[in-house]
Each structure stands twice: as C-alpha cells, then as structure tokens.
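Visitor: I am new to this structure and would like to learn how to read it. May we go through it feature by feature?

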Amino acid sequence: MRFKVIKPGLLTTVQDLGRWGYQSSGVPVAGAMDLSALRIGNAIVGNCEGAAALEVTVIGPELAVEGEGVVAFSGAELGFSVNGRHVGSWTALCVKDGDVLSFSAPVKGCRGYLCALGGIDVPVVMGSRSTYTRAKIGGYEGRALKAGDVVEVGACGFFSKRIDGFRPSDDILPDYSKSPELFILPGLQEDAFTEEGLMTLFNSEYEVSSESDRMGCRFDGPKVRHKEAGADIVSDAIPLGAVQIPGHGLPIAMLADRQTTGGYTKVGVLTPASIQALAQMMPKARVRFARATMEQAIEELAAAKAAAWRARQLRASWISRPSLSLAPRAAVKNAAAEFRITVDGKSYDVKCEEI
Amino acid sequence: MSIYINEPRFLDAGESCLVVEFADEIDRAANDAVMNLRHWMENQRRVPIVECLPTYRSLAIYFDPLKAGRAKIEEEAHLALRENLAVSSAPQRTISIPVCYGGEYGPDIANVAAHAGISEEEVIRRHSARVCHCYMIGFVPGFAYLGGMDESIATPRLANPRTVIPGGSVGIAGKQTGIYPIDSPGGWQLIGRTPLKLFTPEKNPPTLIDAGYDVRFVPIGPDEYKAIEDGVARGTYEPVITEADQL
C-alpha cells in the first residue's frame, strides 16, 4: 500500500518513538510528540509499538490510497474521514485502491497519528524513521510532506479483514477535553530560582503561546524570578519535557525536537502524561503547574505502556470474535417465536418457548 | 562556581534520566571525569541504559525506569566512581583537522588579525599551534564545543550574523573556536574551512569528532584542500586519529 499526497495538511511528518542513541553526537531525539497516542495507534492496526506513522498537526492531509491495507488514526479528533464519510479517531479500517483519506476539522486536541499496518516505510537513519526537519534528517526526505509525494507503507503480508471497525474501549483512551494541570518533577537547577519565583510558577495560571512548535512549548504568564546568579548555566543535557526558564522569566517546555544540550536553567521535567497532554494543547490553552513525585511519573509511564498493551489484547479478541452470535437472552425472552419449517416436502409448525 | 569531582551531585532529570554533575563551571578535570564515567556506563553490562550524553561538566544517563530503576543506575555510577575516578580509563584520542585558512574559505580572517593587531599568517600560526579539547557535542548535530584556543586571537562575533555558513567552516566567537558541521546560519568570524565532513548521518558514529577528543588544526593550501575534498567524496580519505598510550 502507498499514500499519494493530494494535500499535505499543516505539518505532516513521519515519526516513530524517536532517534535514541545519538544525542552524544548532537542529534536531537525527535519522534512523536504524543508517544502514547502513537503506541495505541500502532496497537490498533497490529504494528509493533515503534512503527513509524504520519504525525498530523491540527489540519490534516488528504491522501489517496494505492493498494490495500489497514489504517487507523489515533490521538486528537481532527475529523478523520474515508471517502468523505466521518470515521473519527482510534478506529481500524480496511482501505483499498482509490479510497481517499481526509480530515474535516479539529474538534479535540491538535496532534494525531495516521498508522498503517506495516508502518510508514522511509529509510532508517541512525536507528529511526523520525523526521528532524531542522537538520533534514530522517522521515520523507528530511521534511514535512508536500502535495505530490508518494509515501510507501511497509509490506504487511496477509491481514484479516475482520479488523475492520475495531475500536478499543474508551477506558484506555486519553481524554483531551479536560484542561489538566501540568506536573513537574522538580530537580536540575531548581535551586537557581528564588522562593518567590517558585511560588509564582506553581501558583499562577499560564497560557500556551502561539510561538510553540515541535521543539518547545512557550508559556505566557507571570515571570519567574531567578536568584542573583541568573538564568545562564554552563550547557548541559536537556531531557524530554524539561521546563527551562531563560532570563525573560517565562517557562518553555522542551519537547520532541529539542536540542540535546542548552545553557538555560531548568526547574524540572514534566511527567510523561503531562508531556502528552501538552502535545495536544492548542495555543491559548490555560494551564497550571504542580509538583509531581517520582512515583507518579513512573506510574504514568507504566500506565501509558499498559494502555497500548490492553489495546493489543482487545484487538486480538475483536478479530477472533465469533462470526455468528446468538441473540442476547433478554431479547429472546419476550419474543413469540413461531416458525414453519419444511423438511422433505413435509411442513412442521415449530414454537419456541423459554422454560 | 565550583568543582566537586570527588563529590558529584546526582540530579533527577525526570523519571528516565539521571544527571551526574562534577562541576558547575567549565573545567578540564571535571570533563575528564565525565568521559571516564561515560566510558564505564557504556561498557558495563549490569544495568540496561538507553544512552549517555556527556556535557562540559556532567553526564546525563538516559534509561527506562520500567527496566532498571534510578537506584540501580546510581549504584552503578557509584561503583564506577569508586573504581575508576583516579585513572583515566576513557581512550585519549587526538584528531587532525586540515584547514585551508583565509581567502574564500576564511573571509573574516582579516577581522581577527586586525582585532589582535597581528598579521593573518600569525592568526593561522596561533590558531593551529595549540591542541584544543572537545568538551561536548551539541547545539546542532556534530557541533564540537572546543576549549583551549589561544586567547590572543579571541574576537567578538559578527554584528550581523550570516544566514548561511557552509558546513566545514572554522570560526571564532569570543574565546571559543569551532567548526560548523552542516550548513547553518551563524555569527562566528570565519577564518578557514576544512574539507572533512564532520557530520554524516549514514555513518556510525555520525560525527567525526567525539566528546573527549583532542583536536589539532593543520594548515593546508587550496590544492591540498581540493585533493582531500575529492578523497572524502570518494570515501578514500581516512581522518588522522591518534590514540595516546594508556597508563
């Protein structure tokens, strides 16, 4: 299967779990902004968790399918449709030659993953298919998709068409409608800030700035004051979700395309669920910061993996569901079931009754 | 500002990263301690790690807390520090970087000469006389943070940064010298260019200079530049890397 790009959308890039192992060479990790949505999307279509998908941002692309296969869109509700019929997120679909995948309009969240069974097949660069556009590394020619591109999907061999229509139960799917607190695990240069500065950070409302992208999310709000030593440090590592506060006093959460090292003070690191929540926030969203514990952060990481694992189990049950099912018991109870059956030319009146 | 090589700080950087910090300033001994700890962590097989990122003064150890907890990582780092701190276990390598100075490759060499009040030839002599040390790679893929340049040729950045600087350009910014690994914008004073490719995504490792290397700039003429450039393009040129004898 392959996708022919009719319209590219706002920012559509190939992403997987990221390019780990090359930060010591200055190569940013990149990868999916919402790792949990990618993992669940891959589980829905039957891929391994790290298969590459198309990361769709706010306004989705329009793609023509060539060949046949299985797709699902995971993450934000961006109006995913097939041949103009609304399908929505988190649902597996069998698609065939000539089908057109499109997106109507963003409803909830802002990023999602178009996962295809077999994974998006672009060359693996430094162990990953993720696109890092700033240095033109990985993905589709190191850049976002353009009209006319043809994106190959990996060979998936035989697949069961019974997957069509599968959607995991709501309990394992994230809810992007609530405006959450963002939890910071304090550490690193937390001691570079004044008591009053930390009070400001954890007791004020901030707004997601429109100057946010895959590299970092800026926040507008009250300024956080540094101690006399100031906001600059000798450069050190920037982990995923690090909240750095430069001299201007406003926090910036460092996300997938963050540079590997930097010279600004970091107050701590967002927990995994907070990073995912932030990846789904539109500019102008209002947030509050709260302190997290190490236990909470690890628990969130485990919960995200468990959700993908559960989706995988539900998928297996869906495919192996019985073809013929008996009517539910409650429905039979009051039905007066009478049949006339003809066998070898003789007719019989049959009456079914519950006893 | 202080150095605490014997009492490093263990800093939580989220649930999946532990930072072992030996100083809060630029210090060669602290950087050597970082390289030694990196060497140990990457070669031990007791605790699974994702990767190590060495910086000027600290080592960031990335791990999966669902496979090996922070306590295990910290325990291994302590073991490394006990066993390993006194001796330099990481290999000591020196790489020679051929540089064609001045002319079209180094359009700002006159600025540097004027700022230092010396001739262009003397800029070349001073820039290539001292061996620099690569403290870390960062900023952009393959960018080596070098320390140890002769401070007499320190020159402020350009007032108007260039929008595109060709990969391989060697520049000076304040007391720092460095090499642009890929085409990028920047405001460094450009004094020359190397025909070597500092960053090649298809290679493993993708960078020519690794953190912890010593770097020696070797002046070459335009003809030799072309010859090496051809060799690099054909894949026949081998960079000159020497390894110091271990104690």
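Visitor: Which residues in helix 1 of chain A meet residues in helix 4 of chain A?

Guide: This is a predicted model. To read a helix pair, one lists the residues on each side of the contact. From helix 1 of chain A come A:Ser36, A:Arg39, A:Ile40, A:Ala43 and A:Ile44. They meet A:Ala304, A:Ala307, A:Ala308, A:Ala311, A:Arg312 and A:Arg315 of helix 4 of chain A. Sorted by class, this contact holds 7 nonpolar, 1 polar and 3 charged residues.

Visitor: At what angle do helix 1 and helix 4 of chain A pack, and how far apart are their axes?

Guide: The angle is about 15 degrees, and the axes are 8 Å apart. Angles under 35 degrees count as roughly parallel, and helix 1 and helix 4 of chain A are therefore described as roughly parallel to each other. The crossing of helix 1 past helix 4 in chain A is right-handed.

Visitor: How many residues of helix 1 of chain A are buried?

Guide: Burial is read from the number of neighbours around a residue. In helix 1 of chain A, 11 of its 11 residues are buried, and the helix is mostly covered. Among them are A:Leu35, A:Gly41, A:Asn42 and A:Val45. The buried residues of this helix pack against strand 3 (53-57), strand 5 (69-77), strand 10 (108-116), helix 3 and helix 4 of chain A. After helix 1 of chain A comes A:Gly46, with a positive phi near 100 degrees.

Visitor: Why is helix 3 of chain A said to be largely enclosed by the rest of the structure?

Guide: Helix 3 (residues 272-279) of chain A has 8 of its 8 residues buried, so the rest of the structure largely encloses it. A:Pro272, A:Ile275 and A:Leu278 are among these buried residues. Over chain A as a whole, 47% of the 355 residues count as buried.

Visitor: Is A:Gln189 buried or exposed?

Guide: A residue is buried if 20 or more other C-beta atoms lie within 10 Å of its own. A:Gln189 has 20 such atoms within 10 Å, so it is buried. A:Gln189 lies in the loop between strand 12 (181-186) and helix 2 (195-203) of chain A. Setting aside neighbours within four places in sequence, A:Gln189 is in contact with A:Ile233, A:Thr265 and A:Lys266.

Visitor: What is the strand order in the open sheet of 6 strands in chain A?

Guide: Strands of a sheet pair through backbone hydrogen bonds, either parallel or antiparallel. Here the order is 7-6-9-4-1-11, and the pairing is antiparallel. Strand 7 (85-86) and strand 11 (150-152) of chain A are at the edges; each has a single partner strand, so one side of each is left without a neighbour in the sheet. Strand 11 of chain A pairs with strand 1 (residues 2-7) of chain A over 3 bridges, in the antiparallel sense. A:Arg2 has A:Glu152, in strand 11 of chain A, as its bridge partner.

Visitor: How many residues does each chain bring to the contact between chain A and chain B?

Guide: An interface is read from both sides. Chain A brings 32 residues and chain B brings 36 residues. On the side of chain A that touches chain B, strand 15 (232-237) and helix 4 (294-319) of chain A each supply at least two residues. Helix 4 of chain A gives the most, with 6 residues. By class, this side of chain A divides into 19 nonpolar, 11 polar and 2 charged residues.

Key
Residues numbered from 1 in each chain as written. Chains lettered and ligands numbered in written order. Predicted model: local features only at pLDDT ≥ 70, side-chain atom pairs only at ≥ 80, totals over all residues. Contact = placed C-beta atoms within 7 Å. Helix = DSSP H or I, 4+ residues; strand = E, 2+ residues; numbered from the N terminus. Nonpolar A, V, L, I, M, F, W, Y, C, P; charged D, E, K, R; others polar. Pairing = 2+ DSSP bridges. Axes fitted to C-alpha atoms, helices over the stretch in contact; angles between N-to-C directions. Parallel < 35°, antiparallel > 145°, perpendicular 65-115°, else oblique. Left-handed = near helix turned anticlockwise from the far one by under 90°. Buried ≥ 20, exposed ≤ 12 C-beta atoms within 10 Å, placed from the backbone.
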